[in-house]
Amino acid sequence: MNLGEHAFSGFSVDDTAKAEEFYGETLGLEVSELPQMGLPQMGIANGGNVLIYPKSNHTPATFTVLNFLVDDVDKAVDELAARGVRFESYEGEIATDEKGVARNGGPAIAWFKDPAGNILSVLETT
């Protein structure tokens with residue numbers, strides 16, 4: 001038995017149609033239907049998928065549910081902002097600058113939310 005061979009992750013949303021539009025059209029990811037479940041999934045690097053499932057009493061996650069690794073966080077923020085994505089602003093330990101990027105000694109990172117309020121990020125790999 002190889003548990004990792006067919007593993008996938010998922011998170012809930014309150015409206016799968018809005019989620020499909022956001023992930024597919026706004027973020028430009030491949031979104032398809034998971035045949036076994038009839039639910040949307042988004043394709044990610046290396047052939048992985050993330051299931052997007054409806055939940056009538058959905059409560060947005062209070063943590064980052066998905067990180068997108070990018071070579072240049074500033075370029076990613078600019079491109080996503082041009083597509084209508086609004087970046088979060090934080091103070092304190094994870095303070096963000098005017099673009100919404102935290103540059104606190106670790107990799108530069110910027111957080112944003114999907115239409116269901118789940119927290120996502122673009123995270124610089126260099």
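Predicted model: local features only at pLDDT ≥ 70, side-chain atom pairs only at ≥ 80, totals over all residues.
Local features need pLDDT of at least 70, side-chain atom pairs count only at pLDDT 80 or more, and totals for chains, interfaces and linings use all residues. Residues are numbered from 1 along each chain as its sequence is written, and side-chain values use heavy atoms, leaving out hydrogens and water.

Strands (E, at least two residues) and helices (H or I, at least four) are DSSP runs numbered from the N terminus. Two strands pair if DSSP finds at least two bridges between them.

| Strands | Sense | Bridges | A bridge pair |
|---|---|---|---|
| strand 2 (31-34) and strand 3 (39-43) | antiparallel | 4 bridges | Glu 33 and Pro 40 |
| strand 5 and strand 8 (119-124) | parallel | 6 bridges | Leu 66 and Leu 120 |

The hairpin of strand 2 and strand 3 has 4 residues between the strands, and Gly 38 takes a positive phi near 70° there.

An open sheet of 4 strands has the order 5-8-7-6 with mixed pairing. Its edge strands, strand 5 and strand 6 (101-102), each pair on one side only.

The largest pocket has a volume of about 440 Å³. A pocket is an open set of points on a 1 Å grid over the protein atoms alone, where a 1.4 Å probe fits, with protein on both sides within 12 Å along at least five of seven lines; lining residues have an atom within 4 Å of a point. The volume is the space filled by probe spheres set on the points, which are joined across faces, edges and corners. Of the 18 lining residues, the closest to the pocket centre are Leu 29, Phe 68, Leu 69, Val 70 and Val 122. Strand 5 gives the most to this lining, with 5 residues.
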